[in-house]
Amino acid sequence: MTMPLDTSPDTDDAALLARYGRGDAAAARSLTVRLVPRVHAQAYRMLGDTAEAEDVAQDAMMRLWKIAPDWREGEAQVSTWLFRVVANLCTDRLRKRRGGNVPLEDVAEPADPTPSVEVNLQTRARQDALRAALADLPERQRIAVAMRHFDGASNPEIAAALSISTEAVESLTARGKRALAHALKGQADALGYEG
């Protein structure tokens, strides 16, 4: 039987930290599972760098472990204390990047890694055009091209699925790709392709 990583979902963070302070390693594991993803996410939002965010998360958790024996329940929430530590560590790193004392308000927000609406619309238009062009291919070409380029199947796997030789698969995929290129050629500008 496997146990969930956080074996104490109903125990609050302060109680787990107090248990860790008394030497309970399972309490430390539970807190780590709960808090590290949130701490890392906060650090990444502030720094915009995965490696630095990992360093900050590790440093913040080390500070939490050091104060565990002296933690006084009821004075502050563990997560509030920890997030303040992360904010301070990130601010220090941002100041070092800038070479001096830079107010946090002057630090730019990291770029949002999610694609823009325009990129999403263009991607959807490309997918729709490709889907329509694929639908116009003869059935065996469509299956061979889809299995090879979308499912990642090898030529022998495609050959077995279609009951044909690997040479026939190579021919089908080559003809299918040429037909797709021809079908999509007139739409290159509309789909945002240059050249």
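pLDDT is the predictor's confidence in each residue, on a scale from 0 to 100. The structure here is a predicted model, so a few ground rules apply: local features need pLDDT of at least 70 and side-chain atom pairs count only at pLDDT 80 or more, while totals for chains, interfaces and linings use all residues. Residues are numbered from 1 along each chain as its sequence is written, and side-chain values use heavy atoms, with hydrogens and water left out.

Confidence comes first. The protein has a mean pLDDT of 82, with 85% of its residues at 70 or more. Helices (H or I, at least four residues) are DSSP runs, numbered from the N terminus. Over residues 1–6 pLDDT stays under 50. For that stretch the model has five contacts (heavy atoms within 4.5 Å) beyond four places in sequence.

Next comes helix α5, which runs over residues 117–135. Ala129, Ala133 and Leu134 are the buried residues of α5, where buried means under 20% relative accessible area, exposed over 50% (1.4 Å probe, protein chains only). Seen down the helix axis, these buried residues fall within an arc of 135° (taken from the directions from the axis to the C-beta atoms), so they line one face of α5. An α-helix has 3.6 residues a turn, so residues three or four places apart point the same way. Val117, Leu121 and Arg131 are exposed on the face of α5 turned away from its buried side. The cover over the buried residues of α5 includes α6 (139–149) and α8 (166–185).

Helix α7 holds isoleucine 158, which counts as buried because its relative accessibility is 0%. Leaving out neighbours within four places in sequence, isoleucine 158 is in contact with Ala144, Met147, Arg148, Ala153 and Val169. Its C-alpha atom is separated by 8.5 Å from that of isoleucine 143, 15 residues apart along the chain. Serine 163 sits in the loop between α7 (155–162) and α8, and counts as exposed at 67% relative accessibility. Its phi is near 55°, a positive value in a residue other than glycine.

Back in helix α3, glutamate 52 is buried, with a relative accessible area of 18%. Not counting residues up to four places away in sequence, glutamate 52 touches Leu47, Arg93 and Arg97.

Technical notes. Helix = DSSP H or I, 4+ residues; strand = E, 2+ residues; numbered from the N terminus. Expected span 1.5 Å × (residues − 1).
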